[in-house]
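Dear colleague,

Please find below the structure that I am handing over to you. My findings follow it, and I would be grateful if you could read them alongside the coordinates.

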Amino acid sequence: MLQFAVVRGGLGLLAVRRACLFSRSSHSAPQAQYRPIKKVMVANRGEIAIRVFRACTELGIRTVAVYSEQDTGQMHRQKADEAYLIGKGLPPVAAYLDIADIIKVAKDNKVDAIHPGYGFLSERADFAQACADAGVMFVGPSPETVRKMGDKVEARSLAISAGVPVVPGTDAPIASLQEAQAFAQTYGFPIIFKAAYGGGGRGMRVVREYEELEENYQRAYSEALTAFGNGALFVEKFIERPRHIEVQILGDKYGNVIHLFERDCSIQRRHQKVVEIAPAFQLDPHLRDRLHSDAVSLAKQVGYENAGTVEFLVDKHGKHYFIEVNSPSDVDFVDLVHAQLRICEGRSLPELGLKQDKIRVNGCAIQCRVTTEDPSRGFQPDTGRIEVFRSGEGMGIRLDSASAFQGAVISPHYDSLLVKVIASGKDLHTASSKMSRALAEFRVRGVKTNIPFLQNVLSNNQFLHSTVDTQFIDENPELFNLKPTQNRAQKLLHYLGHVMVNGPTTPIPVKAKPSSIDPAVPSVTMGDPPVGFRDVLLRRGPEGFAKAVRAHQGLLLMDTTFRDAHQSLLATRVRTHDLKIISPFVSHNFSNLFSLENWGGATFDVAMRFLSECPWKRLQELRALIPNVPFQMLLRGANAVGYTNYPDNAVFKFCEVAKENGMDIFRVFDSLNYLPNMLLGMEAAGAAGGVVEAAISYTGDVSDPMRQKYSLDYYVKLADELVKAGTHILSVKDMAGLLKPEASKLLIGALRDRFPDVPIHVHTHDTAGAGVAAMLACAEAGADVVDVAVDSMAGMTSQPSMGAMVACTKGTKYDTGIALEKVFDYSEYWEVTRGLYAPFDCTATMKSGNADVYENEIPGGQYTNLHFQAHSMGLGNKFKEVKKAYTEANKLLGDLIKVTPSSKIVGDLAQFMVQNNLTRAEVEERADELSFPLSVVEFLQGYVGIPHGGFPEPFRSKVELERGKILHIKALALGDLNKAGQREVFFELNGQLRSVLVKDTVAMKEMKFHPKAQKSVKGQVGAPMPGKVLEVKVKVGSKVEKGQPLCVLSAMKMETVVNSPLSGTVKAIHVEADASLEGDDLILEIEE
């Protein structure tokens, strides 16, 4: 079997490079024309320029790049030793066609040779001649050969003279549309227009019907003129379903020509290669020999020098037809560039060790052109900035690229090629496997690419096991069933960037403005405040303090106004300032409070994130103003005041510093009543010298015999463990306000009987309106302390009213000892102060509490937040559905105890269900395919703890617990406003610099932009892709039919006709010739 050496050289020939290393002394060849090359210019751009530069560097040759004004940021100019601007003031493509300027730069900088690359001037005989006239070597065929091979009509004549079969076609370029019509009448449709002076699919149009002839003639002429500077066309009979086979040839100045075998380029779109295979798969050996022989014969016939590609079509009967020669370098292989340069210097093929019998096929190689095109939209070119680029590499993979890097701007001016990926292996299946793996490793964000399409091609059964022809893409629509990319990280960065530039997007349903009235502070007597319970704590320590609480006659109160009350009603937004000015009044008039809750929980992070305040400073300042009342804080066990488990030493140190700064009582809880987490918090608080108040989170209903998951026995056993662990005070934390009076008697009565010497403290919310009744029942059952909030900050999702509890117990054995008139003064201050926070007040959307909390069990603070969010999203009328979904989500998760963070988990799942219109049954059935919120996944992974009764099954087992997908994001900086009204936002993502461009919505209001076509407005026609307007075919007032051409756009050297979506009259035209458009820019308006 022939060996085609591609293992390291992609589709190129490693054998060529090895042969070049043979000693020249072992061969005899004429040396008279030898001229060494010391400096090479590449009159091209992109990856071909870089490939030539690399070859030159390997050979010790200095390199020169040229670039247009639009290419100042392109990589090819950075890869060269020198780089010079050409075509100043010219359009992007025209700059690379400016022969006079290119020659001038070459002469001014003592360039020995110019390599034309492919496309642009590579097939222009006048350019090759201009090089010769300037005394600069042209790395390619002689000017005469370029003229003969570049002229497709003359190339046909030469092929016929050499005995090579050709497709029926015109003998010369056609001069008019009428000649094309005559050819079609003679040979019939389909026919194909081809550019007479260039290739690569430019200026190539297939015509299948007479009605399409004129439009396609004009488009082919225009494309050829733009791409090659000459719009001449010739016409051929179009061969249906052919294979496109190309034979690589190499010739020297002495008549020696060899072939380097063939490649199959049949997988095409718009007549441009997408995937190439070398050697051609399942090609008949006799046909292969004829192709090689004819390619060499034709090259010898014309006296071909240097590298080139002879292209053939092979029909379904195995007959082959010559179509063209691309010269000098429509090749994709660095190894051949070495040979090109040496041949240009005057070396012969034998001198380079290149003989036909030494060239072998070795395995198989596949090349894929990764382009910035959207297959789902007919391969429309996409433009923009590459925000993320990560390539696929590894054994057997070679990449040739130029604009494939993070931050590169893909413009509509040039070819859409991003990178060429070459995979090699022992056979087609091996090479295909390597290519699939490499493409799967690519990450390109910011522009669309054809990678998903290429992956479908590589997995196609026909591609892997049979032959393909040029209709392969058209006849396999399943190739366009593209797997969507997740793009999670970049979407998240765009969202964060948008928030950083434009602020939150959630509309605030509250139109209330802060009150302009400052609250009046009640008068305070001079002197020190009375002695309070804190004095007991300081004298007797935590154990003595607990005994004093238990021995106290009457009911003690804890005031939550400084924390949980405003967390529930005002989104925790109360400033330290408003707390400080009322603190002296509290200190002097409420010295017999059990404690004042003023710290921890959400208060800590809200102070830092939203109020720009230091929570530690708040604690210090309040302590100085209220020295006599104990302070209490909420400690989330192992989570401290955060939302995740912290290292043990961090929790211990936090409690130590909190105690030093004035904290007294630590209410320790866990959202799942998970004992290990609670014990850590208790130990940390105790070690700091604080009063440990272990809190049992309450849910369910102990008075309902039908609800026994969280039974009376469950709570008593849990309390046993907490008392054994040394808690000073036992607390019941009823965060949703579920304790009914009867349940209060049962639960508190059982705990009092079991622990007669341990103080009991009860916390609740008044969402259902029964809070005062429940707390009175707790007091009667043996509770020592209950939580209240001052009247104007009580009720609804806050705590029961302080005034109500004081009044209801007055004159009884539960008398609080608090003066009711002082409560009135206290309440009046907070009523006015509350007005200062009107935009955050829950009463803007929620007018009352609701007893349905006994069904949905939503915690007070979360109830307020969910209600506000529902109104913000325009779902205020569907809040009932949100609450119902919360109930169902709770059941799905196994009936959890719901308090931060477990309540958030249930809430996230509930909102997920509402947003996706899912029932509980549907979630259970489709659990293995749904993408659940991260909080739900992490709960099921055990990150939060182990719930009572274990995790819900089979729900837990069906959810995909995706591990190892944590994104570490740090916001770094905001950039200045650019001309497009955007700001660049910089992040660090997983240790790497990332940036996104975000439109500044405020700034854009003052800037002028082209209007966009509104898809909802019938008759508005938008640009299907970014590009330049070549021609507008209608005028205002023109009558148009559906499908009639309206205008012509050009992008990446390809032209697209925009057709009318309906019949009607042109109402307005918003563009003119030469205008540059972005995608969806409004072109014109049509009214029916």
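**Charge and overall form**

The chain carries 123 positive and 127 negative side chains, and 3 Å separates the centres of the two sets. Please note that this is a predicted model.

As to secondary structure, the chain contains 36 helices and 41 strands. Its C-alpha atoms occupy a box of roughly 125 × 70 × 60 Å along the principal axes. The radius of gyration is 40 Å, whereas a compact globule of 1088 residues would have a value near 31 Å. Of the 1088 residues in the chain, 58% are buried. The accessible surface amounts to about 43800 Å², and carbon and sulfur atoms account for 51% of that area. When contacts between residues at least 6 apart in sequence are considered, 70% of them join residues at least 24 apart.

**Helix H10**

Helix H10 covers residues 213-228, which is 16 residues. The buried residues in H10 are Leu213, Asn216, Tyr217, Arg219, Ala220, Ser222, Glu223, Ala224, Ala227 and Phe228. Charged residues are among them, namely Arg219 and Glu223. Just after H10, Gly229 adopts a positive phi of about 80 degrees.

Thr63 belongs to strand S2, which runs over residues 62-67. With a relative accessible area of 1%, Thr63 falls under the 20% cut-off and is therefore buried. Neighbours within four places in sequence being left aside, Thr63 is in contact with Val40, Phe53, Cys56, Lys79, Ala80, Asp81 and Glu82.

Ile258 is found in strand S10, residues 257-269. Its relative accessibility is 5%, and Ile258 therefore also counts as buried, since the cut-off is 20%. With neighbours within four places in sequence again left aside, the residues in contact with Ile258 are Gln248, Ile249, Leu250, Val296, Leu349, Leu354, Lys355, Gln356 and Ile359.

Yours sincerely

How values were computed
Residues are numbered from 1 along each chain as its sequence is written. Side-chain values use heavy atoms; hydrogens and water are left out. Helices (H or I, at least four residues) and strands (E, at least two) are DSSP runs, numbered from the N terminus. The expected span of a helix is 1.5 Å times one less than its number of residues. Buried means under 20% relative accessible area, exposed over 50%, partly exposed in between (1.4 Å probe, protein chains only). Contact means heavy atoms within 4.5 Å. The radius of gyration is taken over C-alpha atoms; the globule rule is 2.2 Å times the number of residues to the power 0.38. Accessible areas come from the Shrake-Rupley method with a 1.4 Å probe; for residues, only the protein chains shown count as cover. The place of a charge is taken as NZ of Lys, CZ of Arg, CG of Asp or CD of Glu.
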